[in-house]
Amino acid sequence: MLIREIVTEGYQADLLTAVQDLLISYMADDAKDIPTEDFQSQLAKHGFVTTTDELIKAINAVFLSWNNDRAI
């Protein structure tokens with residue numbers, strides 16, 4: 001495995017964790033709508049500068065994992 005692959009996998013895992021934590025925070029505040037720019041800004045404060053496509057993929061992955069956890 002290349003170092004680049006290890007770093008990329010680590011970044012992706014950390015990004016998913018940050019997205020999950022941020023979504024949970026918004027949900028705890030009963031947020032009905034989350035503006036994309038606000039969400040990206042909050043992620044950037046934690047060191048994750050994402051494109052909209054990257055953000056959508058990360059959110060989809062988080063929701064998929066939540067759905068898989070419920071199915072068990």
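Modeller: A helix here is a DSSP run of H or I at least four residues long, and helices are numbered from the N terminus. Please keep in mind that this is a predicted model.

Biologist: How many helices and strands does the protein have, and which pattern does it follow along the sequence?

Modeller: The protein has zero strands and three helices. Read along the sequence, these elements give the pattern α-α-α.

Biologist: In which part of the protein is confidence highest, and at what mean?

Modeller: Over the protein the mean pLDDT is 88, and 86% of the residues reach 70 or more. Confidence is lowest in α3, at a mean of 85, whereas the highest confidence is found in α2, at 95.

Biologist: Which residues of α2 are buried, and why are they said to line one face of the helix?

Modeller: The buried residues of α2 are Phe39, Gln40 and Leu43. The opposite face, turned away from that buried side, carries the exposed residues Glu37 and Lys45. Seen down the axis of α2, the buried residues line one face because they fall within an arc of 95°.

Biologist: Why does Gln40 count as buried, and which residues is Gln40 in contact with beyond its neighbours within four places in sequence?

Modeller: Gln40 lies in helix α2, and because buried means under 20% relative accessible area, its 17% places Gln40 among the buried residues. Leaving aside neighbours within four places in sequence, the residues in contact with Gln40 are Phe48, Thr50, Thr51, Thr52 and Leu55.

Biologist: Where is Thr50, is Thr50 buried or exposed, and which residues is Thr50 in contact with?

Modeller: Thr50 sits in the loop between α2 (36-45) and α3 (52-71). With a relative accessible area of 13%, Thr50 is under the 20% limit and is therefore buried. Its contacts, leaving aside neighbours within four places in sequence, are Tyr11, Leu15, Gln40, Leu43 and Leu55.

Biologist: Is Thr36 buried, exposed or partly exposed, and at what relative accessible area?

Modeller: Thr36 is in helix α2, and beyond its neighbours within four places in sequence Thr36 is in contact with Thr52 and Leu55. Thr36 and Ile56, 20 residues apart in sequence, have their C-alpha atoms 9.6 Å apart in space. Thr36 is partly exposed, with a relative accessible area of 33%.

Biologist: Which residue with a positive phi follows α2, and near what value is that phi?

Modeller: The residue that follows α2 is Gly47, and its phi is positive, near 95°.

Biologist: How many aromatic pairs are there, and why is the pair of Tyr11 and Phe48 called tilted?

Modeller: Aromatic rings are paired here when their centres lie within 6.5 Å, and the count comes to three aromatic pairs. The rings of Tyr11 and Phe48 have centres 5.5 Å apart and planes at 50°, so this pair is tilted. The pair links distant parts of the chain, 37 residues apart, with Tyr11 in helix α1 (residues 3-28) and Phe48 in the loop between α2 and α3. Tyr11 is partly exposed at 31% relative accessibility, Phe48 is buried at 11%, and the angle behind the word tilted is 50°.

Biologist: Which residues is Leu43 in contact with beyond its neighbours within four places in sequence?

Modeller: Leu43 belongs to the buried residues of α2. Leaving aside neighbours within four places in sequence, Leu43 is in contact with Leu15, Ala18, Val19, Leu22, Phe48, Thr50 and Leu55.

Methods. Residues numbered from 1 in each chain as written. Predicted model: local features only at pLDDT ≥ 70, side-chain atom pairs only at ≥ 80, totals over all residues. Heavy atoms only, no water. Helix = DSSP H or I, 4+ residues; strand = E, 2+ residues; numbered from the N terminus. Buried < 20%, exposed > 50% of the residue type's maximum accessible area, 1.4 Å probe, protein only. Contact = heavy atoms within 4.5 Å. Phe/Tyr/Trp six-rings, centres within 6.5 Å; stacked < 30°, edge-to-face > 60°. Arc of directions from axis to C-beta. pLDDT = per-residue confidence, 0-100.
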